[in-house]
Amino acid sequence: MKNEKTAEGPDEREESSICEVLRILGAKWAFLVLDELLEGPQRFNQLKRNISIVKTQSLTDTLRHLEHNGLVRRQVFPTVPVTVEYSLTEKGSDFQLALKEMEKWGAKGHAAETRDAAP
């Protein structure tokens, strides 16, 4: 761990920023939802079909969490029945570069190596 300091230095600010990002993106399915919405706006059932591994309640919770944190926009259309569409906000779109870097890291086989090394 890092040494304790009395004044907040660069290390504490950096650590604080990382913790904040993890708090927002730490929701179990957040990365999958963001990745899917990078393709463009989608309705709930479209998302559910495209990310079939995620249960309905988990998808709902993840979308609410991401909306609450300003990464996802929820737009309701006054139709019968009501249509709800989800899209990325500018803040959510900014995450695209980080997702692409994570995909590159995984494509190098690091994710499989890590999984295989686990006890």
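Ala30, Val33 and Leu34 in helix H2 meet Leu59, Thr62, Leu63 and Leu66 in helix H4, where contact means heavy atoms within 4.5 Å. The structure is a predicted model, in which local features need pLDDT of at least 70 and side-chain atom pairs count only at pLDDT 80 or more, while totals for chains, interfaces and linings use all residues. Residues are numbered from 1 along each chain as its sequence is written, and side-chain values use heavy atoms, with hydrogens and water left out.

The two helices pack at an angle of about 75°, and their axes lie 10 Å apart. Axes are lines fitted to C-alpha atoms, for helices over the stretch in contact, and angles run from 0 to 180 degrees between N-to-C directions. H2 and H4 are therefore roughly perpendicular to each other; under 35 degrees counts as roughly parallel, over 145 as roughly antiparallel, 65 to 115 as roughly perpendicular and the rest as oblique.

The protein has seven helices and three strands. Helices (H or I, at least four residues) and strands (E, at least two) are DSSP runs, numbered from the N terminus. Along the sequence the elements follow the pattern α-α-β-α-α-β-β-α-α-α. Of the 119 residues, 27% count as buried, a class defined by under 20% relative accessible area, with exposed over 50% and partly exposed in between (1.4 Å probe, protein chains only). Among contacts between residues at least 6 apart in sequence, 46% join residues at least 24 apart.

Helix H4 comprises residues 56-68. From the first C-alpha to the last, its 13 residues reach 18 Å, close to the 18 Å expected at 1.5 Å a residue; the expected span is 1.5 Å times one less than the number of residues. Leu59, Thr60, Thr62, Leu63 and Leu66 are the buried residues in H4. They lie on the same side of H4, because they cover an arc of only 165° around the axis, the arc being that of the directions from the helix axis to the C-beta atoms. An α-helix has 3.6 residues a turn, so residues three or four places apart point the same way. Exposed residues Arg64 and His68 are carried on the face of H4 turned away from its buried side. Gly70, which follows H4, has a positive phi near 80°.

In H2, burial applies to Ala30, Val33, Leu34, Glu36 and Leu37. These residues also fall on the same side of their helix, since the arc they cover around the axis of H2 is only 165°.

The largest nonpolar core contains 21 residues. Such a core is a set of buried Ala, Val, Leu, Ile, Met, Phe, Trp, Tyr and Cys residues joined through side-chain atoms within 4.5 Å. Leu34, Leu63, Leu66, Val72 and Tyr86 have the most contacts inside this core. Two or more residues each are given by helix H1 (10-25), helix H2 (30-37), helix H3 (44-50), H4 and strand S3 (83-88). H2 provides the largest share, four residues. Apart from neighbours within four places in sequence, Tyr86 is in contact with Leu37, Pro41, Gln42, Phe44, Leu47, Leu63, Val72, Arg73 and Arg74.

Thr83 also lies in strand S3 and, at 17% relative accessibility, counts as buried. Not counting residues up to four places away in sequence, Thr83 touches Arg43, Gln75, Val76 and Phe77. Phe77 belongs to strand S2 (residues 72-77) and is classed as partly exposed at 28% relative accessibility. With neighbours within four places set aside, Phe77 is in contact with Val82, Thr83 and Glu85. The loop between S2 and S3 holds Pro81. Val80 and Pro81 are joined by a cis peptide bond, with omega about -10°.

Lys91 is placed in helix H5 (residues 90-93), and its 46% relative accessibility makes it partly exposed. Lys91 and Leu71 are 20 residues apart along the chain, and their C-alpha atoms are separated by 5.4 Å. Leaving aside neighbours within four places in sequence, Lys91 is in contact with Asn69, Gly70 and Leu71.

Helix H6 (residues 96-107) has 12 residues, which should span 16 Å at 1.5 Å a residue; the end C-alpha atoms are 16 Å apart, in agreement. Just after H6, Gly109 adopts a positive phi of about 90°.
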